[in-house]
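Visitor: I would like a close look at a single part of this model. Where is confidence highest, and what can be said about that part?

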Amino acid sequence: MEGVLSKDMAMFGEYLQTWKLKLSTTKAMSAAFHLNNKEAKRELKVNFNNETLPFCSNRIYLGVMLDRSLTHRRYLESLRKKLTSRVPLLRPGWGVGATTLRIATLALVHSTAEYCAPVWCRSAHTCLIDPDINDTSRIVTVCLRPTPTDNLPILAYIHLVDLCHNEATLSLGRRAMEPGQLLHSALTHPSSAHARHGSQMECGWANKPTRLRIFIPNTGTHHPGMTFPRRAWVWLNRLRTSVGRFHSCLYKWGMASSAACECGAEEQTVDHVVLVCLIHRSPLGLQGLTVLDDETTEWLLNTCPEI
Ligand SMILES: [Zn+2]
């Protein structure tokens with residue numbers, strides 16, 4: 001194999017000479033990608049102009065580290081460190097609303113998390129970056145940690161990361177199908193990637209057994225609650241996900257001595273607060289939390305208990 005590669009490099013050298021080009025000797029190096037662990041430490045000796053090209057086991061190309069078995073573990077570990085350092089920059093202490101926090105999240109964290117995603121998105125180690133992505137959605141929605149993580153991007157109106165990765169891959173495929181591209185003839189079935197992306201997201205959301213779907217049946221719409229003052233936005237998200245500082249939750253987490261409500265009911269659950277409670281009940285119940293009418297908005301701002 002080394003002989004064949006050296007021969008190919010000699011041909012490449014002739015091409016460079018013909019077109020008066022020069023190979024960068026500091027950047028040119030050889031690398032091998034395979035799953036044969038026995039050969040893991042073997043270094044290729046590829047010659048070019050009577051010199052052996054330096055061998056590199058973890059090649060960085062356009063900012064993406066390519067390891068020998070292409071598991072992308074080391075790249076994803078370094079990406080996690082990068083994201084972890086950026087998440088603390090997103091702090092609601094700025095006094096900004098949910099919409100601004102969402103834009104800052106997309107610009108600072110998601111853009112980095114999606115860089116060159118088609119290369120590594122099928123790695124078994126993509127879960128390494130999930131905690132940071134979930135943290136950013138928690139900062140936007142102010143949901144508590146026990147909130148199901150699949151609810152967070154829906155509330156924050158941020159596309160699910162794995163679907164964004166699929167979209168990036170499909171977009172690459174679409175470009176490859178354009179006339180004149182190398183893979184044009186091989187890819188004979190053009191498809192609408194946008195439509196597929198949207199339907200994948202809708203389909204995935206429609207099958208999720210979650211309470212949030214009562215209030216947000218479609219994922220592709222902007223939620224009007226995002227423009228609410230922060231207090232109303234926080235209470236709204238906690239009422240919709242049913243994870244908040246309700247007495248029943250606090251009792252379950254061992255943070256309160258009783259689950260009883262101020263009105264005398266034995267258990268203060270989310271449904272009790274929204275539908276039944278004599279003190280805190282919302283004016284239009286679940287319907288109000290879906291359509292966010294004026295009365296419910298007023299209730300969220302002034303009457304809703306601190307949950
Ligand atoms: Zn009550």
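Guide: pLDDT is the predictor's confidence in each residue, on a scale from 0 to 100. Helices (DSSP H or I, at least four residues) and strands (E, at least two) are DSSP runs numbered from the N terminus. By that score confidence is highest in α2, at a mean of 94, and lowest in helix α8 (residues 193-206), at 57. Where pLDDT is low, the predicted coordinates should not be read in detail. The protein as a whole averages 85, and 91% of the residues score at least 70.

Two notes on reading the model. Residues are numbered from 1 along each chain as its sequence is written. This is a predicted model, in which local features need pLDDT of at least 70 and side-chain atom pairs count only at pLDDT 80 or more, while totals for chains, interfaces and linings use all residues.

Now α2 itself. The helix covers residues 73-86, and its 14 residues should span 20 Å at 1.5 Å a residue; the expected span is 1.5 Å times one less than the number of residues. The end C-alpha atoms of α2 are 20 Å apart, which agrees.

A residue is buried if 20 or more other C-beta atoms, placed from the backbone, lie within 10 Å of its own, exposed if 12 or fewer, and partly exposed in between. In α2 the buried residues are Y75, L79 and L83. Seen down the helix axis, they fall within an arc of 70°, so they line one face of α2; the arc is taken from the directions from the axis to the C-beta atoms. K81 and S85 are exposed, on the face turned away from the buried side.

The buried residues of α2 pack against β4 (64-66), α3 (98-113), α4 (117-120) and α5 (130-141), where contact means C-beta atoms, placed from the backbone, within 7 Å.

The loop between β4 and α2 holds S69. S69 is partly exposed, with 13 other C-beta atoms within 10 Å. From C-alpha to C-alpha, S69 lies 8.8 Å from A32, although the two are 37 residues apart in sequence.

As for the wider setting, an automatic or database assignment sets the domain bounds, dividing the protein into domain 1 (2-57), domain 2 (73-215) and domain 3 (225-303). The C-alpha centres of domain 1 and domain 3 lie 65 Å apart.

Notes. Contact = placed C-beta atoms within 7 Å.
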